[in-house]
Amino acid sequence: MTKQEKVDFVIKTLKELYPQIPIPLDHKDPYTLLIAVLLSAQSTDVRVNKITPLLFEVADNPYDMVKLSVEEIREIIKPVGLSPMKSKGIHGLSEILIEKYNGKVPADFEALESFPAVGHKTASVVMSQAFNVPAFPVDTHIHRLLYRWGFTNGKNVTQTEKDAKRLFPMDLWNELHLQIIWYGRHYSPARGWDLEKDIITKTIGRKTVLNEYYKKKRK
């Protein structure tokens with residue numbers, strides 16, 4: 001298979017598996033999505049979806065959020081981990097939204113990335129899911145799968161994002177990054193991986209990855 005044929009195979013398979021794509025993080029608007037994505041750093045979506053209703057019941061907009069102290073925010077979000085940094089970030093970015101943007105989340109990469117505790121991946125998710133601007137946020141699933149499929153060298157997420165954007169058509173980015181995340185969770189996890197169920201990797205996977213898998217299986 002040529003590289004292009006592999007890309008086409010991935011797109012077709014993912015479309016068949018995930019014609020309707022669920023959004024992993026519960027939210028109702030750009031602000032609640034921004035907070036949920038920020039909270040999801042080094043945590044799971046399941047855990048975040050348990051905590052955000054408790055937080056949003058008290059404050060689901062920047063004006064109510066700044067009425068809480070950093071300590072109060074931290075108490076609520078503690079179970080998702082990294083709560084000292086995240087609580088400061090949530091309070092700080094809520095202040096900036098009020099001062100600079102009339103309480104509205106800007107549809108702008110640069111502005112989002114300038115907020116405390118918001119990195120490129122968080123900004124990309126918000127731009128993609130809240131504003132439908134083409135973006136390709138790379139999480140651990142996408143990073144792992146694009147390496148397994150031989151589409152990137154796996155050195156870092158920045159390189160993986162560049163490679164993904166180069167390989168896949170821009171009009172598919174927003175759907176595709178979510179489809180790959182769900183595929184990674186369901187068929188190609190980091191632990192407990194069963195290659196027989198992982199049709200994409202089994203068909204187009206990097207030779208060294210497949211050899212390594214079979215070697216471990218034989219042990």
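Which residue forms a salt bridge with Lys-28?

1. Basis of the note. This is a predicted model, in which local features need pLDDT of at least 70 and side-chain atom pairs count only at pLDDT 80 or more, while totals for chains, interfaces and linings use all residues. Residues are numbered from 1 along each chain as its sequence is written, and side-chain values use heavy atoms, with hydrogens and water left out.

2. Domains. The domain assignment of the chain gives domain 1 (30–131) and domain 2 (137–218), with bounds that come from an automatic or database assignment. The C-alpha centres of domain 1 and domain 2 are 28 Å apart.

3. The interface. In contact (heavy atoms within 4.5 Å) are 7 residues of domain 1 and 8 residues of domain 2. Between them the two domains bury about 580 Å², 49% of it on carbon and sulfur atoms; buried area here is the accessible area (1.4 Å probe) that two parts lose on being put together, summed over both. On the side of domain 1, Lys-121, Ser-128 and Gln-129 lose the most area to domain 2, together 57% of what that side buries.

4. The rule finds 1 salt bridge between domain 1 and domain 2, where a salt bridge is a side-chain nitrogen of Lys or Arg within 4 Å of a carboxyl oxygen of Asp or Glu. Arg-185 forms a salt bridge with Asp-45, and the closest N and O atoms of this pair are 2.4 Å apart. Helix 8 (residues 120–131) supplies the largest share of the side of domain 1 that touches domain 2, namely 6 residues; helices are DSSP runs (H or I, at least four residues), numbered from the N terminus.

5. Salt bridges in the whole structure. A search of the whole structure finds 8 salt bridges. To return to the opening question, Lys-28 forms a salt bridge with Asp-60, with the closest N and O atoms 2.5 Å apart. This pair links distant parts of the chain, 32 residues apart, since Lys-28 is in the loop between helix 1 (3–17) and helix 2 (30–39) and Asp-60 in the loop between helix 3 (45–58) and helix 4 (62–65).

6. Aromatic pairs. The count comes to 8 aromatic pairs, meaning rings of Phe, Tyr and Trp (its six-membered ring) with centres within 6.5 Å, where planes under 30 degrees apart count as stacked, over 60 as edge-to-face and the rest as tilted. The rings of Phe-136 and Phe-168 are stacked, because their centres are 6.1 Å apart and their planes at 15 degrees.

Key. Helices (H or I, at least four residues) and strands (E, at least two) are DSSP runs, numbered from the N terminus.
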